[in-house]
Amino acid sequence: MRYVSIEQVEPGDVLYRSIYTSDGLTLLQADMQLTVGMINKLRRFGVTMLYIKDPLTDDVKMEDVLTESTRKEAISNLSTAMQCVQTGKSIDLRGIQKTSTNIIDELLKNRKVLVNLADIRTNDNHLFIHSLNVCMMATVMGISLGYNMNQLKELAIGALLHDIGKVSKDDEDAANGELGEQHHAWVGFNLLRRKYEMSIVSAHVALQHHEWVNGKGEPRGLVGAEIHDFAKIVAIANYYDNLISPFSAEEETLHPYEACEKIMALANFRFDHEMVIRFLRSVATYSTGSSIKLSTGEVGVVIDQNRGLPTRPVVRVIKRDKPASKRMDEEHEVVDIDLSTETTIFITGVLT
């Protein structure tokens, strides 16, 4: 399995992970052999990266923190909730509550696995994938902080719905009475706080996830302890996922390790320092399946993660004495390098 640019995909390559539509249906099923038409269709849908099977890494299995069924359910329930908001209908939170519980349960079972943000984004599903990714990262951080089940549910629901204000068409919800601003954080808060079954803490996640600890954030300019810890968590997860998404408003799309470096640089004035540390321990700095270059000059594929050392994964290097040919089994040697023990070898770049 390799994580590659759509420009590197060739007809005949086999899809490793399914790709979903915005309503949770399958756009392309895993194990499908890609044709020219399918590849062009993926380009039209805005897909820039995807997972394909590779005979040299067939034994590599990405450790998923969530099952495929939970992912599909989450996307479907998020789609339903946002469609309700867009059409002015009341949100039925039962689907979101069920999804958040399933996410928490699976993350608790897989707490030793680093989060790989593996779902493929398209033009129509990227907002739902973003919300799910933010929820996963925030919940993993909450687990590491020792939150109880009720706290994790409040955090997960707030994270899932943190951007709900972006899809509102209701002019009455679009402005805050004091500031007269039409910030999506206020819109989302006003939508959620009216739901009697919604925790006010979860609603405040939507309101505060763009606040900065130095008081220069939006929409209220809160400082430090005035910002709820759940919102501090979601602020980091939200920014990180935007940095690595080709569909966000950020100036450029970054590799995960570049996004982590940017978040580290913002600790103590945009983000809470302790929360940044928790975040960096929870995500895979180099995604499983990505191609990287080592300080030895060799090129390899990340095949496994080291919990607690996210910048030191296990890398598979293909060594060839002769140029590659169709008889690759006779032309190469496979060497797996665990960077947690090979302390003199470093990753110098990510290849796309």
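Which residues line the largest cavity? His-209, His-210, Glu-211, Trp-212, Ala-235, Asn-238, Tyr-239, Arg-270 and Phe-271 do so, and the legends below begin with that site. The model is predicted, so that local features need pLDDT of at least 70 and side-chain atom pairs count only at pLDDT 80 or more, while totals for chains, interfaces and linings use all residues. Residues are numbered from 1 along each chain as its sequence is written, and side-chain values use heavy atoms, with hydrogens and water left out.

**View 1. The cavities.** The structure holds two cavities of 30 Å³ or more. A cavity is a set of points, on a 1 Å grid over the protein atoms alone, where a 1.4 Å probe fits but cannot get out, and its lining residues have an atom within 4 Å of a point. A volume is the space filled by probe spheres set on the points, which are joined across faces, edges and corners. The largest cavity holds about 40 Å³ of space, and its lining divides into four nonpolar, three polar and two charged residues. In these classes Ala, Val, Leu, Ile, Met, Phe, Trp, Tyr, Cys and Pro count as nonpolar, Asp, Glu, Lys and Arg as charged, and the others, Gly among them, as polar. The second largest cavity has a volume of about 30 Å³ and is lined by Glu-211, Val-213, Ile-227, Lys-232, Ala-235, Arg-270, Phe-271 and Asp-272. By class, the lining of the second largest cavity has four nonpolar, no polar and four charged residues.

**View 2. His-209, in the loop between H7 and H8.** Helices (H or I, at least four residues) and strands (E, at least two) are DSSP runs, numbered from the N terminus. His-209 is buried, with a relative accessible area of 2%, where buried means under 20%, exposed over 50% and partly exposed in between (1.4 Å probe, protein chains only). The side chain of His-209 reaches the backbone oxygen of Ala-206 at 2.9 Å, and it also makes a polar contact with the side chain of His-210 at 3.2 Å. A polar contact is a pair of N or O atoms within 3.5 Å; within protein, one must be able to donate a hydrogen and the other to accept it, and residues adjacent in sequence count only if both atoms are side-chain atoms. Leaving aside neighbours within four places in sequence, His-209 is in contact (heavy atoms within 4.5 Å) with His-162, Asp-163, His-184, Ala-231, Val-234, Ala-235 and Asn-238.

**View 3. The largest pocket.** A pocket is an open set of grid points with protein on both sides within 12 Å along at least five of seven lines. About 520 Å³ of space lies in the largest pocket, and of the 28 residues that line it, Tyr-3, Met-49, Ile-244, Leu-254 and Pro-256 are the closest to its centre. Helix H8 (229-244), helix H9 (256-265) and strand E9 (347-351) are the elements that give two or more residues to this lining. The lining of the largest pocket comprises 16 nonpolar, nine polar and three charged residues.

**View 4. The second largest pocket.** This pocket holds about 400 Å³ of space. Its lining has 20 residues, of which Lys-166, His-210, Asn-242, Ala-249 and Glu-250 lie nearest the centre. Two or more lining residues come from each of helix H4 (126-144) and H8, and H8 gives the most, with four residues. The lining of the second largest pocket is made up of five nonpolar, eight polar and seven charged residues.

**View 5. Helix H5 and its cap.** The twelve residues of helix H5 (residues 149-160) should span 16 Å at 1.5 Å a residue, and the end C-alpha atoms are 16 Å apart, which agrees; the expected span is 1.5 Å times one less than the number of residues. Asn-148 caps the N-terminal end of H5, with a side-chain oxygen 3.2 Å from the backbone nitrogen of Asn-150. Leu-152, Leu-155, Ala-156, Ile-157, Gly-158, Ala-159 and Leu-160 are the buried residues of H5, and what covers them includes helix H2 (68-86), helix H3 (94-109), H4, helix H7 (200-208) and H8.

**View 6. Asp-304, in strand E6 (residues 299-304).** Asp-304 is partly exposed, with a relative accessible area of 34%. Leaving aside neighbours within four places in sequence, Asp-304 is in contact with Glu-63, Pro-313 and Val-314.
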